Structures are given as structure tokens and as C-alpha cells.
Amino acid sequence: MKKEIHPKYYQTDVVCGTCQSVWKTASTRANLRVSICANCHPFYTGEQRKIIDTEGQVDRFMKRLAVSQTRQADAARRKESTVQKEPKKKSLLKEIYGEESESQA
Ligand SMILES: [Zn+2]
């Protein structure tokens with residue numbers, strides 16, 4: 001092995017942020033932390049429906065969803081409240097041919 005071209009190799013612990021389990025490994029980085037591991041991942045535990053939310057992503061999504069739903073409801077209300085007004089000017093067809101032209105067309 002050549003000297004001084006290889007990174008430092010640590011015997012270190014890996015810590016899971018969700019279930020706090022610890023195991024040993026060798027790595028070029030010391031003090032590894034993971035957000036999910038095979039002990040607590042729903043795929044391995046069989047609890048497929050359980051959502052593990054360590055970073056608040058589900059909460060943030062729910063907030064955004066609530067905001068967008070209220071905006072959509074407001075927009076729908078505004079659309080309903082705008083009354084369909086009669087056009088100020090008669091249509092050009094009515095002007096030229098009179099009222100009966102509409103029934104013919
Ligand atoms: Zn874990």
C-alpha cells in the first residue's frame with residue numbers, strides 16, 4: 001500500500017435517529033447517523049401503513065395542503081359571487097338583423 005494516499009479508516013458506530021439503535025461498522029467517516037434503519041423501516045417491520053416522520057415533512061405537507069384548500073375555496077366563492085352581467089352592448093348580429101335572427105340561428 002502506498003503511504004499518504006488513503007483516507008483515514010475509522011471503526012465507528014452508526015446511530016439510527018428514529019429507533020436509536022447502534023451498530024458498529026468501518027468507514028472513512030466517524031460517528032455516522034442515519035434517519036432510518038432496517039430495525040425501524042416499515043418495509044422490514046411490516047408496519048407498512050405507519051409513516052415515520054422524523055423531519056416534520058408530513059406536518060409541512062399538511063400545512064401546505066390546508067393553505068391550498070382554503071385558497072381554492074376562496075377562489076370558488078369569488079367566482080360564484082361574480083354575477084353574470086348582461087353585456088352592455090347588443091351583439092352585432094342582433095344589431096344588424098334584429099331580435100328574430102337569434103331564433104333562426
Ligand atoms: Zn432505526
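Helices here are DSSP runs of H or I with at least four residues, and strands are DSSP runs of E with at least two, both numbered from the N terminus. With that in mind, the protein reads β-β-β-α-α-α-α along its sequence, which gives 4 helices and 3 strands.

Please keep in mind that this is a predicted model, in which local features need pLDDT of at least 70 and side-chain atom pairs count only at pLDDT 80 or more, while totals for chains, interfaces and linings use all residues. Residues are numbered from 1 along each chain as its sequence is written, and side-chain values use heavy atoms, with hydrogens and water left out.

Let me turn to burial, where buried means under 20% relative accessible area, exposed over 50%, and partly exposed in between, with a 1.4 Å probe and protein chains only. Of the 105 residues, 10% count as buried. If contact means heavy atoms within 4.5 Å, then residues 24 or more positions apart supply 4% of the contacts with a separation of 6 or more.

Now to the salt bridges, each being a side-chain nitrogen of Lys or Arg within 4 Å of a carboxyl oxygen of Asp or Glu; the count is 2. In one of them, Lys-24 pairs with Asp-13, with the closest N and O atoms 3.0 Å apart. Because Lys-24 lies in strand β2 (residues 22-27) and Asp-13 in strand β1 (residues 10-16), this pair ties together parts that are 11 residues apart in sequence. Lys-24 is exposed at 69% relative accessibility, whereas Asp-13 is partly exposed at 28%.

Arg-77 forms a salt bridge with Asp-74, the closest N and O atoms being 3.1 Å apart, and both residues sit in helix α2 (residues 57-81), 3 residues or about one turn apart.
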